[in-house]
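Here are my notes on this model, point by point. Please read them with the structure open.

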Amino acid sequence: MKTTFLISLATVLSIALLVTYMVKREQRSMNQLSARFIKLVQKFNSWQMMK
């Protein structure tokens, strides 16, 4: 009884850690994506100014 409880607890904790890791990685990639998009928009604006 005790071992099944411990195994299930360990499984739940590992799943929670995995989910938080995935979410943090996804947020980081989204930040990089938005920064790249902002740079592209700035380049486009400066190019429009030069025309």
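**Notes on the model**

1. F44 and W47 sit three residues apart in helix α1, so about one helical turn separates them. Helices here are DSSP runs of H or I with at least four residues, strands are E runs of at least two, and numbering starts from the N terminus.

2. This is a predicted model, in which local features need pLDDT of at least 70 and side-chain atom pairs count only at pLDDT 80 or more, while totals for chains, interfaces and linings use all residues. Residues are numbered from 1 along each chain as its sequence is written, and side-chain values use heavy atoms, with hydrogens and water left out.

3. The structure holds one aromatic pair. F44 and W47 form it, and the pair is tilted, at 5.8 Å centre to centre and 35 degrees between the planes. Rings of Phe, Tyr and Trp (its six-membered ring) pair if their centres lie within 6.5 Å; planes under 30 degrees apart are stacked, over 60 edge-to-face, and the rest tilted.

4. The cut-offs are under 20% relative accessible area for buried and over 50% for exposed, with partly exposed in between (1.4 Å probe, protein chains only).

5. S46 lies in helix α1, which runs over residues 2–50. S46 is partly exposed, with a relative accessible area of 39%. Its side chain reaches the backbone oxygen of K43 at 2.8 Å.

6. From R25 to K2 the C-alpha distance is 35 Å, for 23 residues in sequence.

7. F5, L6, L9 and L13 make a nonpolar surface patch of about 410 Å². L6 lies in helix α1. Patch residues have over 30% relative accessible area and no salt bridge; nonpolar side chains (Val, Leu, Ile, Met, Phe, Trp, Tyr) are joined within 5 Å, like charges within 9 Å. A salt bridge is a side-chain nitrogen of Lys or Arg within 4 Å of a carboxyl oxygen of Asp or Glu.

8. What is the overall make-up of the chain? There are one helix and zero strands. The C-alpha trace spans about 75 × 5 × 5 Å along its principal axes. Buried residues make up 0% of the 51 residues. The accessible surface is about 5300 Å², and 72% of it belongs to carbon and sulfur atoms. Areas come from the Shrake-Rupley method with a 1.4 Å probe; for residues, only the protein chains shown count as cover.

Key
A polar contact is a pair of N or O atoms within 3.5 Å; within protein, one must be able to donate a hydrogen and the other to accept it, and residues adjacent in sequence count only if both atoms are side-chain atoms.
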